[in-house]
Amino acid sequence: VLELGCGSGTSSILFGLLGARVIGIDLDPIVISAARKRKAFYEGNFGDLDVEFYSANSFKFDYSTLAPVDGIYSLFAFNLMQPSEKMLDLVIPILSIGGHIIISDGNMRNLYNRFFRKRPVLTPDNMRSALQSRCCDVLLLEYGCAIPPAIVKLRWLFKAASVMEQLLIRLNFEQWAGVSYTIIAKKVRSL
């Protein structure tokens, strides 16, 4: 598993504890130092982990040394790697056929982000198209919703919160209210 933007290594270490061989990459040498210390702690309690951490610029890293990988994972870091489509061009080729890419990130289509944090990043639909054009089938695109406080206060009007949530889904409110999204894709053929 390749984790892009691994930070202090929480997910990478978890994947390692579950038996995966993991490469974690992050630009910040301080968080990579913390990740290595955390790895040593877990190894002291659970035995050796096949986890390596690199402090590197994700655009300059030699991914060919890792090929093939069965999974690529990024948690709230992919939008920081700009241009994101170039990053996909670097990592999708090393993903094995049948391998998965999972990205959870901020939803730039969200109303707040559209007005207050405008950045040139891929929206969830852009990410879907970018993955599909790189030989991946998108298996899931799901939004992480943050229901505005005013709506939460009105929950008593509904018999159950799920009724309100289903209504918001039917109105396609998720794409505008969802502060984050997760996309899971599977590589189905070579580039």
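These are my notebook entries on what I looked up in this predicted model.

**Ground rules**

I number residues from 1 along each chain as its sequence is written, and I use heavy atoms for side-chain values, leaving out hydrogens and water. Since the model is predicted, local features need a pLDDT of at least 70 and side-chain atom pairs count only at pLDDT 80 or more, while totals for chains, interfaces and linings use all residues.

**Overview**

I began with the confidence score, pLDDT (the predictor's confidence in each residue, from 0 to 100). The protein averages 85, and 74% of the residues score at least 70. I marked residues 148–159, where the pLDDT is below 50. Beyond near neighbours in sequence, that stretch has 11 contacts in the model; contact means heavy atoms within 4.5 Å.

Next I looked up the secondary structure and found eight helices and seven strands. Both are DSSP runs numbered from the N terminus, with helices being H or I of at least four residues and strands being E of at least two.

How many of the 191 residues count as buried? I noted 40%, where buried means under 20% relative accessible area, exposed over 50%, and partly exposed in between (1.4 Å probe, protein chains only). I also noted that residues 24 or more positions apart account for 75% of the contacts with a separation of 6 or more.

**The cores**

I then turned to the nonpolar cores, each a set of buried Ala, Val, Leu, Ile, Met, Phe, Trp, Tyr and Cys residues joined through side-chain atoms within 4.5 Å. In soluble globular proteins, nonpolar side chains tend to be buried together. The largest core here has 31 residues, and L2, L4, Y63, I101, M127 and L131 touch the most other members. Several elements each supply at least two residues of this core, among them β1 (2–4), α3 (84–91), β5 (95–106) and β7. I also found a second, separate core of eight residues, including C6, V22, L49 and F53.

Leaving aside its neighbours within four places in sequence, L4 is in contact with residues including I25, Y63, I72, F78, M87 and V91.

**Helix α1**

Which residues of helix α1 (residues 10–17) are buried? I listed S11, S12, I13 and G16. Their cover includes β1, β2, α2 (29–46), β3 (51–55) and β4. After α1 comes G19, with a positive phi near 105°.

I found K187 in strand β7 (residues 178–187). K187 is buried yet has no salt bridge, a term that needs a side-chain nitrogen of Lys or Arg within 4 Å of a carboxyl oxygen of Asp or Glu. The nearest side chain of opposite charge, D70, is 11 Å away; in this count Lys and Arg are positive and Asp and Glu negative, with His and the chain ends not counted.

What lies 2.9 Å from a polar atom of the K187 side chain? I found the backbone oxygen of L95 there. Apart from neighbours within four places in sequence, K187 also touches C135 and C136, among others.

Most residues other than glycine have a negative phi, and most peptide bonds are trans, so I searched for exceptions.

- The bond from A67 to P68 is cis, with omega near -10°, and P68 lies in the loop between β3 and β4.
- The bond from Q82 to P83 is cis too, with omega near 0°, and P83 sits in the loop between β4 and α3.
- F76 has a positive phi near 50° in the loop between β4 and α3. It counts as partly exposed because its relative accessibility is 46%.
- C135 has a positive phi of about 70° although it is not a glycine, and it belongs to the loop between α5 and β6. C135 is buried because its relative accessible area is 9%.

**Two last residues**

I placed T123 in the loop between α4 (111–116) and α5. Is T123 buried or exposed? T123 is buried, since its relative accessible area is 17%. A polar contact of 2.9 Å joins the side chains of T123 and N126; such a contact is a pair of N or O atoms within 3.5 Å, where within protein one must be able to donate a hydrogen and the other to accept it, and residues adjacent in sequence count only if both atoms are side-chain atoms.

Finally I looked up E43 in helix α2. E43 counts as partly exposed because its relative accessibility is 22%.
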